[in-house]
Structures are given as structure tokens and as C-alpha cells.
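Here's a quick tour of a protein model for anyone new to reading structures. Have the 3D view open and follow along as we go.

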Amino acid sequence: MKLTYIQQIPYRHLRDDFAALHSESVVTNPFYELVDRDLLHADLRDALYESMHAARAGFDAVGLQEHGSSSYDINPNPDLGAAALAYATEAEGLRVGIYLLGRSLGKSREPVRVAEELAWIDSISGGRLLAGFPVGLAYDANVNAGVPPIETRGRYDENFELILRAWTEREPFAWNGRYSQSMGVNIWPRPYQSPHPPISITGIGNPATTRFALERDLGFNLVTLGSDPKIGAAPIFDSMWSMASEMGIDANPYRAAMAVTVLVGETDEDAEKLYSKHLEYHLSRGLGHIPMNRLALPGGISPQGLKVLLAQPVPPANLPAPSYAEAVRSGLVVAGSPATVRETLADYARSFRVGQLLVFLQVGSMPIELTKHNIDLFASEVAPHLRPLWSEYDDDNRWWPVALGGQPASNKQADTTGARLK
Amino acid sequence: MTSQITMETQTVSVWGDQITLQFKVFGTGPALVYLHPLGGFVRDDFLDDLARTHTIYAPELPGTSEDDPFAIHKVNDIPELVLIYEEAFGKLGLRGAPVIGQSFGGMLAAELASFFPDLFEKVALLGPAGLWFEDKPWTLDILTAPPSEAPNLLFSDPSADRPRAMLALPDDPKAAVDALAHLVWIQGCGAKFLWPVPDRGLSRRLHRVTAPVLVVWGEDDRIIPSSYAAEYGARVPGSAVHVLPKSGHIPQVEQMEETLALVSDFLSNP
């Protein structure tokens, strides 16, 4: 089992009346009204300290995501933090993966720069980079970056193909795309890893995405938005593995990763006492405070997908954010004693056949000392019980850097012909 | 009235046979081109009245016809869209006909008349998009706001009969879902030419228009402010500009009789 610590970078000091006064934690939230620059300075610094703490505590990788104009994750370009972590871990001799989860390719207007920056991080880290390529959330790709929703997917496809070629072609090449052009793509540096860093695709369950990942031998990261994994994630992984079987593709669990928020205390009651207010901050003022019209825009979802989406019951408007108890009961987060947490996570890993967990251990207003406590408890009381899972596949993990014990990416990954995520 | 005039669908292959453009065709008399708004082609009383004296040809934006949603991916930008429509009008013998364009369709009509000044005999623009200036900003909230806010954005009085009829969804739940899914998708198709700031440079081309132009705007337009009526007027010399009270973004629905009178006069005057 591979365990990645994922860092979000929230502003941790929003006032109690934030949700009442402001309709969202993205796009329109007023910076000067909300932020003290010294507190923000400390939040950015603490986030990197926390990631370093996780690296020292023995996580297999530390990861970052991309979110612009956001107060729940102040990370307009995760390459910035990843570069800092790559250098700092290198300086300390920590053999830990740097996992970008990643650069949003539906948003990016400079794909060559993405290829070049990631290659730089791969190079300075001596081949410890893992590259995740999500499409990007609507508010970020379409509203912040101004990409017409109906072009998001096409831009993703083209950027993905261009980055793979930029990473793998030995000679400079011309690129005449619909969204970008260059007479000579010749990035410096090329990636340290050969043929290229492990690549994973982040999805929310569209079968076309899982099929694409399987066809190309890419990793697949599932990020579910707000549902019990036993209900939301289970059918997605079931369908992925039966698809793999039909396609004659091995059922190696390291192909699959899922994201999960984890809060560990000495006991279940202790966890609630330690974390409830920070989780509730996260759910009411952070990730949970993004309206639906920021996540779905006309043109961004196919007609078929729209019919499925619109046939579902409409949730009542203005629901209060779930409480800690509701969030735990509904499976939105995994929280409690080490025993509670490891049993739940082991159950997810076994029943979904997932070889990688992407673990969020800082939420909302949680201060650095408490985050470190959560990291330490997870690393000492939970991780050792999860590590042996799927060890029979350790010799064939093509989704992990060679420098960290993985196997090289297969030729199918680097083959750019027909690289289309439809 | 609707049932008395049969409507047929004509198709024309354009753009190197990559796109089959669909036209809704109905009415009797000389040809009249109608370019639909962002919400797609909807037949209404205004069009049915015009259909008594004209044969209406209403092309559907690629991607908005029920059977070919992905045709939109074959059109990159406004110049390509203009060439596609111009080619289709040529193949159907519609060059020299008058055109009416509403909102998104109004922008498209103005673009066509700017690129090809001889294409239309007359150009009637009803609350057209296409211009955007910093001192009178307008948004694409109609695309991003919750559906419950649409009536207030679209209409001066959303409780009136015609606005309510226009926004009504089918009673059957499955048909309602299909209709709404279709509407959301076709809005996304049009948004390709408006997003993120609805300005593709029309203000720099409008001076090329030589056909007579009629501009009709709803005074209470909460999507594109009616002050843009004068902006069109200033950029197209000789154009006739009318701002109608008690109308929001769709004067052909909310002030149907008056809009019809203005358009009919404009079409019949030599």
C-alpha cells in the first residue's frame, strides 16, 4: 500500500460569520475584507512545514492540488510548493515522492510550461515526481481561467498529448494544435525519470475516464465529492475492475488511488473533541462552501451526462453544512481512534482494490500543532497496519517512481498516438 | 395558430461536408432568416405571425440540433461560424433575404452583415449581444446562476402569460429532464462564442454594415443593458433604434405586438 499525504492550503482564520456574509469560498470571496497578510504568511509557511512533517514521518509521498481564487486551498500553481518541497526533502535526504494532483490540463493555457516545470521538479528531486492531471473544476478552468466550458475537455486532450510528447521525444518537434502552437518544443530539462514520471488521471467517476486510464496504463485517482465511499466509490471501482477484466488488463491495485480525509485521536471521543470545530469550519467555510453553479457549467457536461445528473433528486437549497457527527456517520470523513480509522481504511482498500490512499490530514482551521499530531498518530498507529496490503504487487508497481522502488512506466503510457480522453 | 402552419426541417451540408446545418422552415411568402437566441430555436406567436407573410428559415447553431450535439466541436470561432452560415444561405438561395436575430442570434446577424455587407437585404436586431464595454458591463449570469433566477433575468414581468409559457417545461418528468438537459447543452454551445467576456471584436467591424438596420431593445433588459441600443445606433449610421418600455431581454415575447409592428413596418418599407 502506498500512502500519500495531501496538503491543502486553506486560510485558517475566516470569521464565524463568513458563510452568512459570503456566498462562496471561491471566485468572489473578497481578499482584503477577509485576510490578514501576516496570518496568511503564516498559513502558507505552516502548510509547507506540515508537508515536511509528513515526509519525515514516513509517508510515501507528499502531494498538492491546483485551485485558483480560492480561500479553501490557496494554490494557484502547485508547482511552486512542489518545487519547495522537492528541494527541502532533497536537502534532508528524504526519499519521498512529490505528488502533483495535479496540474489541471483543462485549465492550462501554457502546456509546454507545465511540461517544463514538472520536468524541473523531477530533475531537482532526482526522479521523485508523480504527475497527476485532472481536468479541473469548472470554477477554476472556466471562471478563473476563462476557458469556454465546452472547450475544457478538448483542451485537456490536446495538452495531455503535447506534454507526453514534450517529455518523451528526443528531438525538438513542431506543434500545431488547436489551442497552442510552437515551431520548436524542446523543454529544458527533460524529466529525470525514463520514459517519464508516473502519470495518473484524477476523476470523479466518469467511466470514459477510467477506461482511458486503463487503456493507457495510467493511474486513476478517485475524488468523490461528499458521499459515503461505500455508496459513491464502490460502484466506480467495481466498474473499473470489470472493465479491466473485459479488456484483458491486469487488476493491479496500484493502478487505483482514492482520496480520503482522516482525523485520528486516541479514542473516537478524543477525535471528535480535537477536530470537530476544524472539520465544521472546512465544511461550512471551505470546500463545503462552493455552490453547484461553480462546479457545473453549460457545455462542460455532455448531453448524456446532463440527463443522468438532472434526473437525480435535487438537494434542498441552503442545507446547513453537516456537523462533525453527520460527516463521520455519512462516510464523508474517516475519523476516530486508530483502530476505527485503520479498520475503515483497510476495508476501503480491500473492497475497492485500491493500492494507493491519498490522505488529507489538515482541514479548515486546524492549526499546525494539531495537524502534526494527526500526522504522527496516522504514521505511528495507522500506516503500519495498512502498508502490508497488496505487498504481493510491490514488484510490479508501474505507478510509482523507480527511484522510490517502483517500476518504469510501460510503453503504453508514453505512446501518444490516440491520446484522447473523451 | 401554431397548428395551422406546418414546419419542416431542411438540412444543408456545409463546411467541407463536416457539418449538416438544420433549418426550421415554415410560413408562406418571401424568405426571411431568423437567428435564434442562446436558448435555441423556439417557435412562438411572434414568428407565427411573421410566417403568414414570409417563409421563415431558422438555422440551428451547430450542436443545438437534437441529433448531433457534438457538431459544435467542428466550429472554432466567430469567423468560422460566419462562413458556415454564409455557405448555407448560398446553398439554400437565401442571399439577399432580410434577417431577424434575437440576442445571441442578433450578434450573429450583425457579424454576418459585417463580414458580408451584401448578404442581407435588411437586418433586424432584437436585444443583440456582441458589444461589451467596461463602463456598461454585463454578465453571463444567465448561464451560471441557478435556474430559478432565469425568469427574473430574462423578463421585466416574469409572471405574465407569455414569459411563463416560454419557460414552461413538459409535465412528464422524463420529458422535462430531457428538455432541460438539451437546453443546458445548447446554452453551452452558444457560450463558446461569448465566454468569458462576450466581446469577439464586433465593435471594430460594425462600420462595414451597409444594409438598413433596425434595433429593438427592452428598456428593462437585465441581461444586456438597454443603453447598448444607442451603442449599436452610433456604430451603424442610419439605423433605427427603439427602446420599448415594460420589456426585458426578449421584446418579441414581452412586447410582442409592438415588436411585431416595428419589424413588420421595417420589412415592408422599401
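Predicted model: local features only at pLDDT ≥ 70, side-chain atom pairs only at ≥ 80, totals over all residues.

When one helix crosses another, the crossing is called right-handed if the near helix is turned clockwise from the far one by less than a right angle, and left-handed if it is turned anticlockwise. Keep that in mind while you look at chain A, where α3(A) passes α4(A) in a right-handed crossing.

**Two helices in chain A**

- Two packed helices are described by the angle between their axes and the distance between the axes.
- For helix α3 (residues 37-56) and helix α4 (residues 78-92) of chain A, the angle is about 45° and the axes are 11 Å apart.
- Angles under 35 degrees would count as roughly parallel and 65 to 115 as roughly perpendicular, so α3(A) and α4(A) are oblique to each other.
- On the α3(A) side, the contact is made by A:Leu48, A:Ser51, A:Met52 and A:Ala55. On the α4(A) side, look for A:Gly81, A:Ala84, A:Leu85, A:Ala88 and A:Thr89.
- Sort the residues of this α3(A)–α4(A) contact by class and you get six nonpolar, three polar and no charged ones.

**The sheet in chain B**

- Now hop over to chain B and find an open sheet of eight strands, with mixed pairing and the order β1-β2-β4-β3-β5-β6-β7-β8.
- Which strands sit at the edges? They're β1 and β8 (240-244) of chain B, each of which pairs on one side only.
- On average, neighbouring strands of this sheet are turned by 20° against each other, if you ignore direction.
- Zoom in on β5 (residues 99-102) and β6 (residues 123-126) of chain B: these strands run parallel and are joined by four bridges. Within that pair, B:Gly101 stands opposite B:Leu125 in β6(B).
- Helix α3 (residues 104-115) of chain B packs on the sheet, where it touches β3 (31-35), β5 and β6 of chain B. The direction of this helix makes about 135° with that of β5(B).
- Helix α10 (residues 256-268) of chain B lies across β5, β6, β7 and β8 of chain B, and runs at about 175° to β7(B).

- Most residues other than glycine have a negative phi, and most peptide bonds are trans. Here are some exceptions to spot.
- A cis peptide bond links A:Leu101 to A:Gly102, with omega about 5°. A:Gly102 belongs to the loop between β3 (97-101) and α5 (111-124) of chain A.
- In chain B, B:Trp195 and B:Pro196 are joined by a cis peptide bond too, with omega about -10°. You'll find B:Pro196 in the loop between α7 (173-191) and β7 (213-218) of chain B.
- A:Asp217 isn't a glycine, yet it has a positive phi of about 60°. A:Asp217 is in the loop between α8 (207-215) and β8 (219-222) of chain A.
- Is A:Asp217 buried or exposed? It counts as buried, because it has 20 C-beta neighbours inside 10 Å.
- B:Asp17 also has a positive phi of about 60° without being a glycine, and its place is the loop between β1 (7-14) and β2 (19-27) of chain B. B:Asp17 counts as exposed because it has 7 C-beta neighbours inside 10 Å.

**Where the chains meet**

Methods:
Residues numbered from 1 in each chain as written. Chains lettered and ligands numbered in written order. Buried ≥ 20, exposed ≤ 12 C-beta atoms within 10 Å, placed from the backbone. Axes fitted to C-alpha atoms, helices over the stretch in contact; angles between N-to-C directions. Parallel < 35°, antiparallel > 145°, perpendicular 65-115°, else oblique. Contact = placed C-beta atoms within 7 Å. Nonpolar A, V, L, I, M, F, W, Y, C, P; charged D, E, K, R; others polar. Pairing = 2+ DSSP bridges.
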